[in-house]
Amino acid sequence: MTTETSRMLLAFEQQMRVINRDTLNPMIPSLSISDLEPMQRMVAEARGQYLKALLDIANQAGGKLPDDQQIKSLHQRRLRYDELVAAAKALEAAIQRGYLDVNENP
């Protein structure tokens, strides 16, 4: 990689940090660990519902394939879970990258 390319990538990364912080920080108030608990509980609940639905379907199917309605129900729960996990990871990344202020007090 050339020196010019390295400089460009470094400037790009710095610019991305500034733009993300300038955009995200005003939208979301300073976060504490207690602010994150409802989100974590929501993700855990979605995970639990998804896994429980799988086990319920397996028990009902008795070794046979699930029907279309069961798959639709499982799919809905997976979409909900996946979306919440993706959002939680995006929030975690924003915190790690310093885009959001954190509050030391719970």
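First, a term. A salt bridge here is a side-chain nitrogen of Lys or Arg within 4 Å of a carboxyl oxygen of Asp or Glu. Keep in mind that this is a predicted model.

Now apply the term. Lys 52 forms a salt bridge with Asp 56. Their closest N and O atoms are 2.8 Å apart. Where do Lys 52 and Asp 56 sit in the helix? They are four residues apart in helix H2, so about one helical turn separates them. Is Lys 52 buried or exposed? Lys 52 counts as exposed, at 51% relative accessibility. The cut-off for exposed is over 50%. Asp 56 counts as partly exposed, at 31%.

Stay on H2. Glu 37 pairs with Arg 41 in another salt bridge, with the closest N and O atoms 2.7 Å apart. Both residues lie in helix H2, which covers residues 33-61. Again the spacing is four residues, about one turn of the helix. Glu 37 is partly exposed, with a relative accessible area of 35%. Arg 41 is exposed, at 58%.

How many salt bridges does the structure hold? Five. Here is one more of them. Asp 101 and Arg 21 meet through their side chains, at 2.5 Å from N to O. Which parts does this pair tie together? Arg 21 is in helix H1, residues 3-24, and Asp 101 is in the segment after helix H3, so the bridge links parts that are 80 residues apart in sequence. Asp 101 is partly exposed, with a relative accessible area of 32%. Arg 21 is partly exposed too, at 30%.

Next, the packing. H2 and H3 pack at an angle of about 155°, and their axes are 9 Å apart. The crossing of H2 and H3 is left-handed.

Who makes the contact? From H2, the residues include Leu 36, Met 39, Val 43, Tyr 50 and Ile 57. From H3, they include Leu 74, Arg 77, Tyr 81, Val 85 and Ile 95. How do the residues of the contact divide? There are 16 nonpolar, three polar and four charged.

How values were computed
Residues numbered from 1 in each chain as written. Predicted model: local features only at pLDDT ≥ 70, side-chain atom pairs only at ≥ 80, totals over all residues. Heavy atoms only, no water. Helix = DSSP H or I, 4+ residues; strand = E, 2+ residues; numbered from the N terminus. Buried < 20%, exposed > 50% of the residue type's maximum accessible area, 1.4 Å probe, protein only. Axes fitted to C-alpha atoms, helices over the stretch in contact; angles between N-to-C directions. Left-handed = near helix turned anticlockwise from the far one by under 90°. Contact = heavy atoms within 4.5 Å. Nonpolar A, V, L, I, M, F, W, Y, C, P; charged D, E, K, R; others polar.
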